[in-house]
Amino acid sequence: MTTHDYIEEAEQRLIHTYNRYQIVLEKGEGVYLYDIDGKKYLDFASGIAVFALGYGNTEYNDALKAQIDKLLHTSNLYYNVPAIEAAKHITESSGMDRVFFTNSGTEAIEGAIKLARKYAYLKDGTTDHEIIAMNHSFHGRSLGALSVTGNVKYQEAFKPLIGGVKFADFNDLESIKAKVTDKTCAVIMEPIQGEGGLYPAKKEFLEGVKRLCEEREILLIFDEVQCGMGRTGSMYAWQQYGVKPDIITMAKALGCGVPVGAFAARESVATALVPGDHGTTYGGNPFACAAVNEVFRQYKQRHITEHVKKMGTYLQGSLSRFVEKYEFVREVRGMGLMQGLELTIPAGDIILKALDAGLIVISAGQNVIRFVPPLIIEEEHVDEMAAVLDGIFAKL
Ligand SMILES: *Cc1c(COP(=O)(O)O)cnc(C)c1O
């Protein structure tokens, strides 16, 4: 079958929730992907900030194969060793005390919302608590996560969503203060907004939110599904700011390709959930957790966060040259290897041209090109990416 045949078949059989790029990917090697026609692509998207450690990673593959031969699944009615080890990695690296494993980012958000509500319920016995979320945020597609996602377009047809959610403006402390009531149980935000257009929080903003949350006894939830796991140059973005949340959600690069997510919380919050409150059949199974453990092992061995700091600076420097050179390039924003290039023109057309030229980048909103490459990229890959983009920009 040809690429055309596969796409035709896919479009007949899959529910059309994505306008996919017209390529069929087959395999990967390092920071490169290949489609079924053998065309090579430099990957600056890593499956949306997932594949941090590079494709064809032999040690990662071997760790998974070994776990497959031992045990894939047990359910959460029993203990399993990989999950215990993975829990240790996550709690030690995140500054949280307890963790619950999920299968995705959106499920991690569901869990975080339930935890915040249960915590508030235990405090005052009422059930009409409110959550403050941010405009232009993204937290996932399941109904709870969608309810705190500040994007009317995603929400509209699926109403009624969960109640008690108010939206405030990111990087605007006063707008959050204006929404706080005695019923507010949590504030949820991404320290760096990803899908919403690559907006990093200002340090004073996060510090102010933290202070407000402490004063009013409100839980602070950081969604680090995209910006966590080393992407910003520290294991979690909160560490860049020195503002520690009460609950953290993570997923994407946590398993580097194996679907796994988690929410973690500090002790006095986490213990609000007791047997019967929450559960999952797959979450934290030995296979997924073997992936998590191998990811943490390689991060440490390869000094990933140090590398990201260096490469992040290099990438940002490289992208900022476009701001000087081209009038339609407005700004570079981001942290570490999570960068966005804001244009005055739509990003979609440029992304298609890049794909044609063998470069995979994605958008964040209408006019931002998003760069979330594998965390193992080197300067030569940044140079290669920049050369391709420069060629496209020069012809516009
Ligand atoms: C991707 C993402 C999610 C949703 O994760 P899924 O695994 O797609 O459900 C939630 N929050 C943020 C910040 C994300 O980037």
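Colleague: Why does Asp349 count as partly exposed?

Modeller: A word first: this is a predicted model. Asp349 has a relative accessibility of 42%. Buried would need under 20% and exposed over 50%, so Asp349 falls in between and counts as partly exposed. This residue lies in helix α14, residues 348-356.

Colleague: What makes Phe51 and Tyr60 an edge-to-face pair?

Modeller: Happy to go through that one. By the pairing rule the count comes to ten aromatic pairs. For Phe51 and Tyr60, the ring centres are 6.1 Å apart and the planes stand at 70°. Centres must lie within 6.5 Å for a pair, and planes over 60 degrees apart count as edge-to-face, so Phe51 and Tyr60 meet both conditions.

Colleague: How do you know whether Phe51 and Tyr60 are buried or exposed?

Modeller: The cut-off for buried is under 20%. Phe51 has a relative accessible area of 18%, and Tyr60 has 4%, so both are buried.

Colleague: What makes Tyr326 and Phe393 an aromatic pair, and of which kind?

Modeller: Their rings are 5.4 Å apart, centre to centre, with 65° between the planes. The limits are within 6.5 Å for the centres and over 60 degrees for edge-to-face, so this pair is edge-to-face.

Colleague: Why can you say that this pair ties together parts that are apart in sequence?

Modeller: Look at where the two residues lie. Tyr326 is in the loop between α13 (304-325) and β13 (329-335), while Phe393 is in helix α15 (residues 379-394), so the pair joins parts that are 67 residues apart in sequence. Tyr326, at 9% relative accessibility, counts as buried, and Phe393 is buried with 0%. Together with Phe322 and Phe328, Tyr326 and Phe393 form one aromatic cluster.

Colleague: How do you know that the charged end of Lys40 sits over the ring of Tyr32?

Modeller: The charged end of Lys40 is 4.3 Å from the ring centre, and the distance limit is within 6 Å. Arg333 likewise lies over the face of Tyr199, at 3.9 Å from the ring centre.

Note on methods. Residues are numbered from 1 along each chain as its sequence is written. This is a predicted model: local features need pLDDT of at least 70, side-chain atom pairs count only at pLDDT 80 or more; totals for chains, interfaces and linings use all residues. Side-chain values use heavy atoms; hydrogens and water are left out. Helices (H or I, at least four residues) and strands (E, at least two) are DSSP runs, numbered from the N terminus. Buried means under 20% relative accessible area, exposed over 50%, partly exposed in between (1.4 Å probe, protein chains only). Rings of Phe, Tyr and Trp (its six-membered ring) pair if their centres lie within 6.5 Å; planes under 30 degrees apart count as stacked, over 60 as edge-to-face and the rest as tilted. A charge sits over a ring if NZ of Lys or CZ of Arg is within 6 Å of the ring centre and within 35 degrees of the ring normal.
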